[in-house]
Amino acid sequence: MIIPVAKRPYRLPEAHYATLKELIDKLKAAGIIEDCNSASAAPCMLIMREGKPPRLVIDYRALNMKVVADNYPLPLIEELLAQLGEGIYFSTMGGRKLPSPASLWPLLGTPLQHFVFPLKRC
């Protein structure tokens with residue numbers, strides 16, 4: 001279970017805003033992120049290294065501290081197959097209510113605005 005984290009975006013030097021905007025525009029054009037109006041987001045920082053392109057890094061430490069570990073271990077595949085036995089029809093629908101995908105997606109908070117990583121269907 002993931003609890004939303006609302007953390008203020010990190011301060012950014014005024015000279016780096018143009019670089020951040022350029023990186024955000026590239027990510028949006030590639031379909032990696034989308035605009036979002038959520039109040040919760042993980043802050044990001046811009047890493048500038050000499051001789052290398054700037055890199056956008058998202059700080060998920062606060063989110064990782066709030067993640068509740070699942071204590072139920074995964075079952076062994078051999079045991080699951082033995083339980084199926086001689087069955088003919090199988091279903092993956094367990095009748096569970098799934099949480100809203102928007103509440104589980106990592107959000108990116110920048111000084112400009114918030115973004116979300118959209119769900120990609122294969």
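The questions and answers that follow concern a predicted model.

Q: Why is aspartate 59 called buried?
A: The relative accessible area of aspartate 59 is 8%. Buried means under 20%, so aspartate 59, at 8%, counts as buried.

Q: Where does aspartate 59 lie, and which residues does it contact beyond its sequence neighbours?
A: Aspartate 59 is placed in the loop between strand S3 (55-58) and helix H2 (61-66). With neighbours within four places in sequence set aside, aspartate 59 is in contact with Tyr10, Ala42, Pro43 and Met45.

Q: What makes the pairing of the side chains of aspartate 59 and tyrosine 10 a polar contact?
A: The side chains of aspartate 59 and tyrosine 10 make this contact at 2.3 Å. The criterion asks for a pair of N or O atoms within 3.5 Å, one able to donate a hydrogen and the other to accept it; the value of 2.3 Å therefore falls within the cut-off.

Q: How do you know that aspartate 59 and arginine 61 form a salt bridge?
A: The closest N and O atoms of aspartate 59 and arginine 61 are 2.8 Å apart. A salt bridge requires a side-chain nitrogen of Lys or Arg within 4 Å of a carboxyl oxygen of Asp or Glu, so the pair qualifies at 2.8 Å.

Q: Is arginine 61 buried or exposed?
A: Arginine 61 has a relative accessibility of 56%. Exposed means over 50%, and arginine 61 therefore counts as exposed, whereas aspartate 59 counts as buried.

Q: What makes glutamate 22 and lysine 26 a salt bridge, and where do the two residues lie?
A: Their closest N and O atoms are 3.8 Å apart, and the cut-off is 4 Å, so the pair meets the criterion. Glutamate 22 and lysine 26 both lie in helix H1, 4 residues apart, about one turn of the helix.

Q: Why do glutamate 22 and lysine 26 receive separate accessibility labels?
A: Exposed means over 50%, and partly exposed lies between that value and 20%. Glutamate 22, at 48%, is therefore partly exposed, and lysine 26, at 54%, is exposed.

Q: How do you know that lysine 28 and aspartate 35 form a salt bridge, and which accessibility label does each carry?
A: The closest N and O atoms of lysine 28 and aspartate 35 are 3.2 Å apart, which is within the 4 Å cut-off. Lysine 28, at 33%, counts as partly exposed, as does aspartate 35, at 47%. The structure holds 4 salt bridges, including this one.

Q: Why are strands S2 and S3 said to be paired?
A: Pairing requires at least two bridges. Strand S2 (residues 42-47) and S3 are joined by 4 bridges, so they pair, and they run antiparallel.

Q: Why are S1 and S3 described as standing at the edges?
A: The open sheet of 5 strands has the order S1-S5-S4-S2-S3, with mixed pairing. Strand S1 (34-36) and S3 each have a single partner strand, so one side of each is left without a neighbour in the sheet.

Notes
Residues are numbered from 1 along each chain as its sequence is written. This is a predicted model: local features need pLDDT of at least 70, side-chain atom pairs count only at pLDDT 80 or more; totals for chains, interfaces and linings use all residues. Side-chain values use heavy atoms; hydrogens and water are left out. Buried means under 20% relative accessible area, exposed over 50%, partly exposed in between (1.4 Å probe, protein chains only). Contact means heavy atoms within 4.5 Å.
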